[in-house]
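Open the model in your viewer and show it as a cartoon. Keep the selection panel at hand. Each stop below says what to select next.

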Amino acid sequence: MALQEPRRWMPVLAATTAASATAFVAGTGRSGAPARPVAPAAPALRGAPHVATTAESSSLGAAPAVLGLGGLGVCGAVKQRKQRRGGVTARKATITASMETEAAVEEEDSTPVKKTSVLVLGATGTIGRQIVRQLLNAGYSVRCMLRNRADRPFSFLVDWGATVVEGSLLRPESLPSALVGIHTVIDCATARPEEDVYTIDWEGKKRLIQCAKEMKVQRYVFCSIKDCDKYQTVPLMQIKYLTEKFLKDSGIRHTILRISGLMQPLISQYAVSVLDDQKVWGDDGSMPGIAYIDSQDVSRMMASAMIKERTVGQTLTLTGPKVWSTNDVIKLCEELSGRDADVNVVSNQQMQLTMAAAGCFDWTVDVAERLKFVEVNQQGSPDSPMLMTEDTYQALGMEPSGTRKLEEYIGEYYRRVFKKLTKGKYEAEPGELEKEKAESEAKLKQALSQDTTDQLPAGQPEEVEVTVAYQRDVAERLQKFFEDKVLSEMEDEQNAWFGWVPLAEVFNGRSAMMGFSLGLFTEWATDVDVARQIDLVLAIFSPPS
(Lines give C-alpha, C1' and ligand atoms only; values in the text may rest on other atoms or scores of the structure.)
Protein backbone atom coordinates (compact mmCIF):
# COMPACT_ATOMS: atom_id res chain seq x y z
CA MET A 1 0.00 0.00 0.00
CA ALA A 2 1.42 3.35 -0.97
CA LEU A 3 2.08 5.70 1.89
CA GLN A 4 1.40 9.34 1.21
CA GLU A 5 4.07 11.82 2.20
CA PRO A 6 2.86 14.64 4.46
CA ARG A 7 2.32 17.77 2.42
CA ARG A 8 5.05 20.31 2.94
CA TRP A 9 3.87 23.83 2.41
CA MET A 10 7.18 25.11 0.99
CA PRO A 11 7.62 23.02 -1.15
CA VAL A 12 5.33 20.00 -1.58
CA LEU A 13 7.40 16.83 -1.63
CA ALA A 14 6.80 13.63 -3.53
CA ALA A 15 5.25 10.56 -1.94
CA THR A 16 7.19 7.67 -0.51
CA THR A 17 6.19 4.03 -0.46
CA ALA A 18 5.70 2.30 2.86
CA ALA A 19 6.02 -1.09 1.24
CA SER A 20 9.75 -0.43 0.91
CA ALA A 21 10.12 0.54 4.55
CA THR A 22 13.14 -1.71 5.04
CA ALA A 23 15.42 -3.61 2.73
CA PHE A 24 18.32 -5.99 3.01
CA VAL A 25 21.13 -5.58 0.54
CA ALA A 26 24.22 -7.68 0.10
CA GLY A 27 27.39 -6.23 1.53
CA THR A 28 28.97 -5.42 -1.82
CA GLY A 29 30.94 -2.25 -1.26
CA ARG A 30 31.96 0.18 -3.93
CA SER A 31 35.06 -1.05 -5.69
CA GLY A 32 38.09 1.05 -5.05
CA ALA A 33 36.25 3.28 -2.56
CA PRO A 34 38.70 4.66 -0.01
CA ALA A 35 38.04 4.03 3.63
CA ARG A 36 36.32 6.98 5.26
CA PRO A 37 36.93 8.17 8.78
CA VAL A 38 34.22 7.09 11.17
CA ALA A 39 32.84 9.62 13.62
CA PRO A 40 33.07 8.80 17.33
CA ALA A 41 30.28 6.54 18.50
CA ALA A 42 27.55 7.70 20.84
CA PRO A 43 28.22 7.55 24.58
CA ALA A 44 28.36 4.05 25.97
CA LEU A 45 25.12 2.54 27.20
CA ARG A 46 24.48 1.06 30.60
CA GLY A 47 24.22 -2.71 30.58
CA ALA A 48 25.18 -3.15 26.94
CA PRO A 49 27.82 -5.81 26.23
CA HIS A 50 31.23 -4.61 25.23
CA VAL A 51 32.33 -7.28 22.76
CA ALA A 52 31.08 -9.53 20.01
CA THR A 53 33.06 -12.23 18.25
CA THR A 54 33.99 -12.07 14.60
CA ALA A 55 31.88 -15.14 13.83
CA GLU A 56 28.77 -13.53 15.24
CA SER A 57 29.57 -10.27 13.54
CA SER A 58 29.44 -11.99 10.17
CA SER A 59 26.41 -14.15 10.95
CA LEU A 60 23.99 -11.58 9.55
CA GLY A 61 25.23 -12.19 6.04
CA ALA A 62 23.69 -9.01 4.72
CA ALA A 63 23.87 -5.41 5.82
CA PRO A 64 20.51 -3.81 6.68
CA ALA A 65 19.82 -0.68 4.69
CA VAL A 66 17.54 2.01 6.04
CA LEU A 67 15.31 4.09 3.82
CA GLY A 68 15.61 7.79 3.36
CA LEU A 69 12.96 10.00 1.78
CA GLY A 70 13.30 8.69 -1.72
CA GLY A 71 14.62 5.20 -1.01
CA LEU A 72 18.11 3.94 -0.29
CA GLY A 73 21.12 2.96 -2.22
CA VAL A 74 23.38 0.09 -1.36
CA CYS A 75 25.31 0.34 1.87
CA GLY A 76 29.04 -0.21 1.63
CA ALA A 77 30.49 -3.44 2.95
CA VAL A 78 31.19 -3.33 6.64
CA LYS A 79 34.45 -4.79 7.90
CA GLN A 80 34.15 -7.59 10.38
CA ARG A 81 34.59 -6.54 13.92
CA LYS A 82 37.82 -7.43 15.67
CA GLN A 83 37.58 -9.50 18.77
CA ARG A 84 38.35 -7.40 21.79
CA ARG A 85 40.13 -8.47 24.92
CA GLY A 86 38.15 -9.19 28.04
CA GLY A 87 38.22 -6.98 31.07
CA VAL A 88 36.38 -4.17 32.74
CA THR A 89 35.82 -0.94 30.86
CA ALA A 90 34.68 2.33 32.43
CA ARG A 91 31.82 3.93 30.52
CA LYS A 92 30.18 7.32 30.73
CA ALA A 93 26.54 8.24 30.22
CA THR A 94 26.77 11.96 29.69
CA ILE A 95 25.75 14.72 27.33
CA THR A 96 27.87 17.74 28.15
CA ALA A 97 30.02 16.45 30.99
CA SER A 98 30.95 13.30 32.85
CA MET A 99 27.91 12.85 35.04
CA GLU A 100 27.75 9.12 35.59
CA THR A 101 30.53 6.54 35.42
CA GLU A 102 30.08 2.86 36.06
CA ALA A 103 31.91 -0.37 35.35
CA ALA A 104 30.37 -2.41 32.56
CA VAL A 105 31.53 -6.02 32.60
CA GLU A 106 31.63 -7.71 29.21
CA GLU A 107 28.77 -10.14 28.86
CA GLU A 108 28.38 -13.32 26.89
CA ASP A 109 27.40 -12.90 23.27
CA SER A 110 24.28 -14.98 23.85
CA THR A 111 22.90 -12.63 26.50
CA PRO A 112 19.26 -11.88 25.59
CA VAL A 113 17.83 -8.38 25.68
CA LYS A 114 16.04 -7.86 28.97
CA LYS A 115 12.31 -7.24 28.80
CA THR A 116 12.69 -4.50 31.40
CA SER A 117 14.97 -2.37 29.21
CA VAL A 118 13.14 0.69 27.85
CA LEU A 119 14.24 3.63 25.71
CA VAL A 120 12.23 6.85 26.20
CA LEU A 121 12.30 9.68 23.66
CA GLY A 122 11.10 13.10 24.79
CA ALA A 123 12.02 12.29 28.40
CA THR A 124 12.20 15.95 29.46
CA GLY A 125 8.69 16.70 28.17
CA THR A 126 5.43 16.80 30.09
CA ILE A 127 4.55 13.15 29.38
CA GLY A 128 8.07 11.80 28.95
CA ARG A 129 9.31 12.68 32.43
CA GLN A 130 6.24 11.09 33.99
CA ILE A 131 6.63 7.78 32.16
CA VAL A 132 10.33 7.71 33.13
CA ARG A 133 9.40 8.17 36.79
CA GLN A 134 6.66 5.52 36.68
CA LEU A 135 8.88 2.91 34.99
CA LEU A 136 11.75 3.53 37.38
CA ASN A 137 9.37 3.10 40.32
CA ALA A 138 8.25 -0.20 38.78
CA GLY A 139 11.83 -1.49 38.57
CA TYR A 140 12.50 -1.00 34.85
CA SER A 141 15.87 -0.05 33.39
CA VAL A 142 15.18 3.25 31.62
CA ARG A 143 17.43 4.90 29.07
CA CYS A 144 16.68 8.42 27.83
CA MET A 145 17.94 9.73 24.50
CA LEU A 146 18.26 13.51 24.67
CA ARG A 147 19.56 16.28 22.49
CA ASN A 148 22.44 18.41 23.69
CA ARG A 149 20.47 21.56 24.52
CA ALA A 150 21.42 24.04 27.22
CA ASP A 151 17.78 25.09 27.71
CA ARG A 152 16.57 21.54 28.48
CA PRO A 153 17.97 20.42 31.86
CA PHE A 154 18.13 16.67 32.32
CA SER A 155 20.02 16.15 35.59
CA PHE A 156 16.77 15.21 37.36
CA LEU A 157 16.55 12.11 35.14
CA VAL A 158 19.97 10.97 36.33
CA ASP A 159 19.01 11.70 39.94
CA TRP A 160 15.97 9.46 39.53
CA GLY A 161 18.16 6.60 38.28
CA ALA A 162 17.75 6.76 34.51
CA THR A 163 20.62 6.46 32.03
CA VAL A 164 21.05 9.44 29.72
CA VAL A 165 22.63 9.18 26.26
CA GLU A 166 23.07 11.87 23.64
CA GLY A 167 21.17 11.49 20.38
CA SER A 168 18.83 13.29 18.04
CA LEU A 169 16.23 12.45 15.43
CA LEU A 170 18.01 15.01 13.26
CA ARG A 171 21.16 12.85 13.29
CA PRO A 172 20.28 9.31 12.21
CA GLU A 173 23.81 8.07 12.92
CA SER A 174 23.09 8.58 16.65
CA LEU A 175 20.01 6.33 16.69
CA PRO A 176 21.40 2.76 16.33
CA SER A 177 23.73 2.90 19.34
CA ALA A 178 20.89 4.20 21.54
CA LEU A 179 18.82 1.10 20.66
CA VAL A 180 21.42 -1.49 21.67
CA GLY A 181 20.06 -3.64 24.49
CA ILE A 182 16.55 -2.15 24.22
CA HIS A 183 13.36 -4.23 24.32
CA THR A 184 10.76 -1.43 24.21
CA VAL A 185 10.75 2.08 22.73
CA ILE A 186 8.38 4.72 24.11
CA ASP A 187 8.19 7.62 21.68
CA CYS A 188 6.94 10.84 23.33
CA ALA A 189 9.11 13.18 21.27
CA THR A 190 7.86 15.92 18.98
CA ALA A 191 9.25 19.08 17.43
CA ARG A 192 9.41 22.26 19.48
CA PRO A 193 7.58 25.37 18.18
CA GLU A 194 10.73 26.84 16.63
CA GLU A 195 11.73 23.57 14.91
CA ASP A 196 10.79 21.94 11.62
CA VAL A 197 7.95 19.48 12.21
CA TYR A 198 8.53 17.71 8.90
CA THR A 199 12.22 16.99 9.53
CA ILE A 200 11.82 15.78 13.12
CA ASP A 201 8.37 14.19 13.31
CA TRP A 202 8.41 12.60 9.86
CA GLU A 203 11.95 12.09 8.60
CA GLY A 204 13.41 11.47 12.06
CA LYS A 205 10.63 9.12 13.18
CA LYS A 206 10.85 7.11 9.96
CA ARG A 207 14.54 6.47 10.51
CA LEU A 208 13.95 5.56 14.15
CA ILE A 209 11.21 3.05 13.26
CA GLN A 210 13.37 1.53 10.54
CA CYS A 211 16.33 1.17 12.91
CA ALA A 212 14.07 -0.38 15.56
CA LYS A 213 12.80 -2.93 13.06
CA GLU A 214 16.25 -3.93 11.83
CA MET A 215 17.51 -4.29 15.41
CA LYS A 216 14.42 -6.34 16.34
CA VAL A 217 13.09 -4.08 19.07
CA GLN A 218 10.06 -5.97 20.39
CA ARG A 219 7.66 -3.17 21.34
CA TYR A 220 7.14 0.38 20.08
CA VAL A 221 4.69 2.67 21.90
CA PHE A 222 3.91 5.79 19.87
CA CYS A 223 2.26 8.94 21.27
CA SER A 224 -0.09 10.49 18.74
CA ILE A 225 -2.91 13.07 18.81
CA LYS A 226 -6.63 12.46 19.22
CA ASP A 227 -8.54 12.64 15.91
CA CYS A 228 -5.35 13.16 13.91
CA ASP A 229 -6.86 11.08 11.09
CA LYS A 230 -9.79 13.50 10.76
CA TYR A 231 -7.81 16.72 10.18
CA GLN A 232 -5.25 16.23 7.42
CA THR A 233 -5.04 19.97 6.71
CA VAL A 234 -3.11 20.54 9.95
CA PRO A 235 0.57 19.67 9.31
CA LEU A 236 1.35 18.18 12.73
CA MET A 237 -1.81 16.05 12.79
CA GLN A 238 -1.22 14.88 9.23
CA ILE A 239 2.35 13.86 10.04
CA LYS A 240 1.24 12.04 13.20
CA TYR A 241 -1.36 10.08 11.22
CA LEU A 242 1.08 9.15 8.45
CA THR A 243 3.62 8.10 11.07
CA GLU A 244 0.95 5.81 12.51
CA LYS A 245 0.46 4.23 9.08
CA PHE A 246 4.20 3.90 8.59
CA LEU A 247 4.53 2.18 11.97
CA LYS A 248 1.72 -0.25 11.13
CA ASP A 249 3.26 -1.11 7.76
CA SER A 250 6.68 -1.70 9.33
CA GLY A 251 5.52 -4.89 11.05
CA ILE A 252 6.86 -3.94 14.49
CA ARG A 253 4.85 -4.99 17.52
CA HIS A 254 3.43 -1.58 18.27
CA THR A 255 0.76 0.28 20.23
CA ILE A 256 -0.52 3.73 19.22
CA LEU A 257 -1.91 6.03 21.91
CA ARG A 258 -3.87 9.05 20.71
CA ILE A 259 -3.81 11.53 23.55
CA SER A 260 -6.24 14.37 24.23
CA GLY A 261 -5.26 17.72 25.76
CA LEU A 262 -3.21 17.69 28.96
CA MET A 263 -4.12 19.46 32.19
CA GLN A 264 -0.64 20.80 32.89
CA PRO A 265 -0.62 23.71 30.36
CA LEU A 266 -3.89 25.04 31.82
CA ILE A 267 -2.03 26.22 34.92
CA SER A 268 0.03 28.79 33.01
CA GLN A 269 -2.72 29.60 30.50
CA TYR A 270 -5.60 30.17 32.90
CA ALA A 271 -4.97 29.43 36.59
CA VAL A 272 -1.97 31.76 37.00
CA SER A 273 -3.47 34.50 34.79
CA VAL A 274 -6.74 34.56 36.72
CA LEU A 275 -4.88 34.68 40.04
CA ASP A 276 -2.65 37.56 38.84
CA ASP A 277 -5.53 39.55 37.31
CA GLN A 278 -4.12 39.15 33.80
CA LYS A 279 -6.14 38.87 30.62
CA VAL A 280 -7.20 35.40 29.49
CA TRP A 281 -8.56 34.40 26.11
CA GLY A 282 -12.01 32.88 25.80
CA ASP A 283 -14.23 31.86 22.89
CA ASP A 284 -17.78 32.61 21.87
CA GLY A 285 -19.08 29.29 23.19
CA SER A 286 -19.27 27.58 19.81
CA MET A 287 -16.43 25.14 20.61
CA PRO A 288 -17.46 21.91 22.41
CA GLY A 289 -14.17 21.67 24.33
CA ILE A 290 -11.52 19.09 25.27
CA ALA A 291 -11.48 16.16 27.70
CA TYR A 292 -8.29 17.15 29.53
CA ILE A 293 -6.21 14.36 31.09
CA ASP A 294 -3.44 14.43 33.70
CA SER A 295 0.02 13.51 32.43
CA GLN A 296 0.47 11.09 35.34
CA ASP A 297 -2.62 9.19 34.23
CA VAL A 298 -1.25 9.12 30.69
CA SER A 299 2.06 7.70 31.90
CA ARG A 300 0.34 4.90 33.82
CA MET A 301 -1.80 4.07 30.80
CA MET A 302 1.32 3.97 28.63
CA ALA A 303 3.02 1.63 31.09
CA SER A 304 -0.04 -0.61 31.04
CA ALA A 305 -0.22 -0.65 27.24
CA MET A 306 3.50 -1.44 27.08
CA ILE A 307 3.26 -4.76 28.93
CA LYS A 308 -0.10 -6.11 27.75
CA GLU A 309 -0.25 -8.41 24.74
CA ARG A 310 -3.83 -7.46 23.88
CA THR A 311 -2.75 -3.91 23.03
CA VAL A 312 -0.29 -5.03 20.32
CA GLY A 313 -1.34 -3.53 16.99
CA GLN A 314 -4.09 -1.48 18.63
CA THR A 315 -4.82 2.26 18.44
CA LEU A 316 -6.21 3.57 21.74
CA THR A 317 -7.57 7.05 22.51
CA LEU A 318 -6.77 8.44 25.97
CA THR A 319 -8.86 11.26 27.44
CA GLY A 320 -9.95 12.66 30.76
CA PRO A 321 -13.30 11.90 32.45
CA LYS A 322 -15.07 15.12 31.38
CA VAL A 323 -15.17 17.54 28.45
CA TRP A 324 -14.29 21.15 29.34
CA SER A 325 -14.83 24.17 27.12
CA THR A 326 -12.59 27.21 27.41
CA ASN A 327 -15.26 29.21 29.22
CA ASP A 328 -15.86 26.31 31.64
CA VAL A 329 -12.15 26.25 32.54
CA ILE A 330 -12.18 30.01 33.17
CA LYS A 331 -15.26 29.73 35.41
CA LEU A 332 -13.62 26.90 37.34
CA CYS A 333 -10.52 29.03 37.94
CA GLU A 334 -12.71 31.93 39.12
CA GLU A 335 -14.57 29.70 41.60
CA LEU A 336 -11.44 28.08 43.02
CA SER A 337 -9.38 31.28 43.23
CA GLY A 338 -12.13 33.67 44.32
CA ARG A 339 -11.10 36.15 41.61
CA ASP A 340 -12.93 37.53 38.58
CA ALA A 341 -11.18 36.85 35.29
CA ASP A 342 -10.51 39.56 32.71
CA VAL A 343 -11.67 37.66 29.61
CA ASN A 344 -11.05 38.67 26.01
CA VAL A 345 -13.56 36.82 23.86
CA VAL A 346 -12.36 35.70 20.44
CA SER A 347 -15.12 34.50 18.13
CA ASN A 348 -14.73 31.61 15.74
CA GLN A 349 -15.09 34.04 12.82
CA GLN A 350 -12.23 36.20 14.10
CA MET A 351 -10.02 33.12 14.41
CA GLN A 352 -10.87 32.08 10.85
CA LEU A 353 -9.99 35.54 9.50
CA THR A 354 -6.71 35.59 11.45
CA MET A 355 -5.78 32.15 10.10
CA ALA A 356 -6.59 33.22 6.55
CA ALA A 357 -4.50 36.40 6.87
CA ALA A 358 -1.55 34.61 8.49
CA GLY A 359 -1.59 31.91 5.82
CA CYS A 360 -0.96 34.45 3.06
CA PHE A 361 2.71 34.98 3.99
CA ASP A 362 5.58 32.54 4.38
CA TRP A 363 6.81 34.15 7.58
CA THR A 364 3.42 33.81 9.30
CA VAL A 365 2.34 30.40 7.99
CA ASP A 366 3.43 28.79 11.29
CA VAL A 367 1.00 31.07 13.13
CA ALA A 368 -1.84 29.99 10.84
CA GLU A 369 -1.00 26.30 11.33
CA ARG A 370 -0.95 26.62 15.12
CA LEU A 371 -4.26 28.48 15.17
CA LYS A 372 -5.73 25.71 13.03
CA PHE A 373 -4.36 23.12 15.46
CA VAL A 374 -6.02 24.94 18.39
CA GLU A 375 -9.31 25.16 16.50
CA VAL A 376 -9.55 21.48 15.59
CA ASN A 377 -8.57 20.42 19.12
CA GLN A 378 -11.39 22.52 20.54
CA GLN A 379 -13.90 21.29 17.97
CA GLY A 380 -13.14 17.57 18.09
CA SER A 381 -14.61 15.19 15.53
CA PRO A 382 -18.34 14.43 15.35
CA ASP A 383 -17.55 10.88 14.18
CA SER A 384 -15.46 9.92 17.22
CA PRO A 385 -16.38 9.83 20.92
CA MET A 386 -15.27 12.76 23.03
CA LEU A 387 -14.42 10.58 26.02
CA MET A 388 -12.38 7.44 26.54
CA THR A 389 -14.47 4.34 25.91
CA GLU A 390 -15.12 1.51 28.36
CA ASP A 391 -13.37 -0.92 25.99
CA THR A 392 -10.18 1.13 26.23
CA TYR A 393 -10.28 1.08 30.03
CA GLN A 394 -10.75 -2.70 29.94
CA ALA A 395 -7.91 -3.17 27.47
CA LEU A 396 -5.60 -1.25 29.81
CA GLY A 397 -6.94 -2.98 32.91
CA MET A 398 -7.81 0.34 34.56
CA GLU A 399 -10.88 1.97 36.09
CA PRO A 400 -12.43 5.34 35.07
CA SER A 401 -12.54 6.33 38.74
CA GLY A 402 -8.74 6.14 38.87
CA THR A 403 -8.23 9.08 36.52
CA ARG A 404 -7.78 12.54 37.96
CA LYS A 405 -10.45 15.21 37.48
CA LEU A 406 -9.61 18.73 36.32
CA GLU A 407 -11.28 20.39 39.31
CA GLU A 408 -9.09 18.30 41.61
CA TYR A 409 -5.94 19.19 39.71
CA ILE A 410 -6.50 22.97 39.60
CA GLY A 411 -7.92 22.94 43.13
CA GLU A 412 -4.72 21.31 44.42
CA TYR A 413 -2.66 23.99 42.66
CA TYR A 414 -4.60 26.85 44.27
CA ARG A 415 -4.47 25.14 47.68
CA ARG A 416 -0.69 25.00 47.58
CA VAL A 417 -0.37 28.54 46.25
CA PHE A 418 -2.62 30.03 48.93
CA LYS A 419 -0.82 28.09 51.65
CA LYS A 420 2.51 29.39 50.39
CA LEU A 421 1.21 32.97 50.29
CA THR A 422 -0.14 32.83 53.84
CA LYS A 423 2.71 30.93 55.51
CA GLY A 424 5.62 32.00 53.31
CA LYS A 425 6.33 28.49 52.09
CA TYR A 426 4.45 25.32 51.33
CA GLU A 427 4.72 22.46 53.79
CA ALA A 428 2.76 19.25 53.37
CA GLU A 429 0.32 18.24 56.09
CA PRO A 430 1.31 15.36 58.36
CA GLY A 431 0.86 12.11 56.43
CA GLU A 432 0.03 13.91 53.17
CA LEU A 433 3.12 12.79 51.29
CA GLU A 434 2.78 9.20 52.52
CA LYS A 435 -0.84 9.16 51.39
CA GLU A 436 0.01 10.50 47.93
CA LYS A 437 2.82 7.96 47.56
CA ALA A 438 0.56 5.09 48.58
CA GLU A 439 -2.15 6.16 46.12
CA SER A 440 0.38 6.50 43.30
CA GLU A 441 1.85 3.07 44.02
CA ALA A 442 -1.60 1.49 44.10
CA LYS A 443 -2.54 3.02 40.74
CA LEU A 444 0.76 1.93 39.18
CA LYS A 445 0.34 -1.60 40.55
CA GLN A 446 -3.11 -1.80 39.00
CA ALA A 447 -1.80 -0.52 35.67
CA LEU A 448 1.00 -3.11 35.58
CA SER A 449 -1.14 -6.02 36.74
CA GLN A 450 -1.53 -9.01 34.42
CA ASP A 451 -4.55 -11.28 33.99
CA THR A 452 -5.34 -14.56 32.27
CA THR A 453 -7.41 -12.85 29.56
CA ASP A 454 -4.36 -11.04 28.15
CA GLN A 455 -4.09 -12.65 24.73
CA LEU A 456 -2.28 -11.53 21.60
CA PRO A 457 -4.78 -10.32 18.93
CA ALA A 458 -5.10 -12.49 15.85
CA GLY A 459 -2.67 -11.68 13.06
CA GLN A 460 -0.12 -9.95 15.32
CA PRO A 461 3.47 -11.27 15.49
CA GLU A 462 4.72 -13.16 18.51
CA GLU A 463 7.56 -11.81 20.59
CA VAL A 464 10.96 -13.28 19.77
CA GLU A 465 14.16 -13.45 21.78
CA VAL A 466 16.97 -11.18 20.60
CA THR A 467 20.55 -11.09 21.84
CA VAL A 468 22.42 -7.93 22.71
CA ALA A 469 25.25 -9.03 20.43
CA TYR A 470 22.89 -9.15 17.46
CA GLN A 471 21.60 -5.66 18.16
CA ARG A 472 25.13 -4.31 18.57
CA ASP A 473 26.18 -5.91 15.28
CA VAL A 474 23.28 -4.37 13.38
CA ALA A 475 23.79 -1.02 15.12
CA GLU A 476 27.38 -0.82 13.91
CA ARG A 477 26.31 -1.54 10.34
CA LEU A 478 23.51 1.01 10.46
CA GLN A 479 25.75 3.64 11.98
CA LYS A 480 28.38 3.04 9.29
CA PHE A 481 25.68 3.34 6.63
CA PHE A 482 24.39 6.64 7.99
CA GLU A 483 27.88 8.07 8.33
CA ASP A 484 28.70 7.10 4.75
CA LYS A 485 25.47 8.67 3.59
CA VAL A 486 26.25 11.94 5.38
CA LEU A 487 29.69 12.08 3.78
CA SER A 488 28.24 11.30 0.36
CA GLU A 489 25.72 14.11 0.71
CA MET A 490 28.47 16.53 1.73
CA GLU A 491 30.45 15.60 -1.38
CA ASP A 492 27.42 15.80 -3.67
CA GLU A 493 27.54 18.50 -6.33
CA GLN A 494 24.04 19.56 -5.34
CA ASN A 495 25.47 20.95 -2.11
CA ALA A 496 28.06 23.12 -3.86
CA TRP A 497 27.91 26.85 -3.21
CA PHE A 498 28.85 27.69 -6.79
CA GLY A 499 27.30 26.57 -10.06
CA TRP A 500 23.79 25.88 -11.31
CA VAL A 501 22.61 23.98 -8.24
CA PRO A 502 19.67 24.76 -5.91
CA LEU A 503 21.85 25.67 -2.94
CA ALA A 504 23.92 28.11 -4.97
CA GLU A 505 20.78 29.63 -6.46
CA VAL A 506 19.34 30.27 -3.01
CA PHE A 507 22.62 31.61 -1.64
CA ASN A 508 23.31 33.86 -4.62
CA GLY A 509 19.72 35.05 -4.76
CA ARG A 510 19.74 36.06 -1.12
CA SER A 511 23.09 37.76 -1.54
CA ALA A 512 21.78 39.74 -4.52
CA MET A 513 18.65 40.76 -2.60
CA MET A 514 20.74 41.84 0.38
CA GLY A 515 23.09 43.84 -1.85
CA PHE A 516 20.24 45.56 -3.66
CA SER A 517 18.50 46.40 -0.37
CA LEU A 518 21.75 47.80 1.00
CA GLY A 519 22.16 49.88 -2.18
CA LEU A 520 18.68 51.37 -1.81
CA PHE A 521 19.36 52.20 1.83
CA THR A 522 22.65 53.93 1.04
CA GLU A 523 20.97 55.77 -1.85
CA TRP A 524 18.45 57.14 0.59
CA ALA A 525 21.12 57.94 3.20
CA THR A 526 23.73 59.52 0.88
CA ASP A 527 21.51 60.84 -1.93
CA VAL A 528 23.70 58.95 -4.45
CA ASP A 529 21.89 56.58 -6.81
CA VAL A 530 22.77 52.86 -6.98
CA ALA A 531 24.42 53.11 -10.40
CA ARG A 532 26.69 55.90 -9.20
CA GLN A 533 27.56 53.87 -6.08
CA ILE A 534 28.62 50.93 -8.27
CA ASP A 535 30.83 53.26 -10.35
CA LEU A 536 32.44 54.57 -7.17
CA VAL A 537 33.12 51.06 -5.87
CA LEU A 538 34.68 50.02 -9.20
CA ALA A 539 36.78 53.17 -9.20
CA ILE A 540 38.06 52.50 -5.71
CA PHE A 541 39.15 48.93 -6.42
CA SER A 542 40.35 49.49 -10.01
CA PRO A 543 44.03 50.30 -10.72
CA PRO A 544 44.70 53.88 -11.84
CA SER A 545 44.61 54.30 -15.63
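Two strands count as paired if DSSP finds at least two bridges between them. Keep in mind throughout that this is a predicted model.

**Stop 1: the sheet.** Select β9, β8, β7, β10, β11, β12 and β14, in that order across the sheet. These 7 strands form an open sheet with parallel pairing. Which strands stand at the edges? They are β9 (163-166) and β14 (315-318). Each has a single partner strand, so one side of each is left without a neighbour in the sheet. Now look along the strands: neighbours are turned by 20° against each other on average, direction ignored.

**Stop 2: two strand pairs.** Select residues 117-121, strand β7, and residues 184-187, strand β10. The two pair in the parallel sense over 4 bridges. Pick V120, and its bridge partner in β10 is I186. Next, move to β12 and β14, which run parallel and are joined by 4 bridges. Here L257 has L316 of β14 as its bridge partner.

**Stop 3: the faces of β14.** Show side chains on β14. Which face is covered, and which is uncovered? L316 and L318 make up the covered face. T315 and T317 make up the uncovered one.

**Stop 4: a helix across the sheet.** Select residues 235-250, helix α6. Helix α6 lies across β11 (219-225), β12 (254-259) and β14. Its direction is at about 155° to β11.

**Stop 5: the cores.** Select V132, L135, L157, I186, M302 and L318. Within the largest nonpolar core, which has 40 residues, these have the most contacts. Helix α8 (residues 295-307) gives the most to this core, with 7 residues. A second, separate core has 38 residues, including L208, A212, I239 and V466.

Now centre on L157. Leaving aside neighbours within four places in sequence, L157 is in contact with A123, T124, V132, C144, L146, A162 and V164.

**Stop 6: a serine in α8.** Finish on S295, which is placed in helix α8. Is S295 buried or exposed? Its relative accessibility is 1%, so S295 counts as buried; the cut-off for buried is under 20%. Beyond neighbours within four places in sequence, S295 is in contact with T126, Q130, L262 and Q264. Draw a distance from S295 to Q264: a polar contact of 3.2 Å joins their side chains.

Terms used. Residues are numbered from 1 along each chain as its sequence is written. This is a predicted model: local features need pLDDT of at least 70, side-chain atom pairs count only at pLDDT 80 or more; totals for chains, interfaces and linings use all residues. Side-chain values use heavy atoms; hydrogens and water are left out. A nonpolar core is a set of buried Ala, Val, Leu, Ile, Met, Phe, Trp, Tyr and Cys residues joined through side-chain atoms within 4.5 Å. Buried means under 20% relative accessible area, exposed over 50%, partly exposed in between (1.4 Å probe, protein chains only). Contact means heavy atoms within 4.5 Å. Axes are lines fitted to C-alpha atoms, for helices over the stretch in contact, and angles run from 0 to 180 degrees between N-to-C directions. A polar contact is a pair of N or O atoms within 3.5 Å; within protein, one must be able to donate a hydrogen and the other to accept it, and residues adjacent in sequence count only if both atoms are side-chain atoms.
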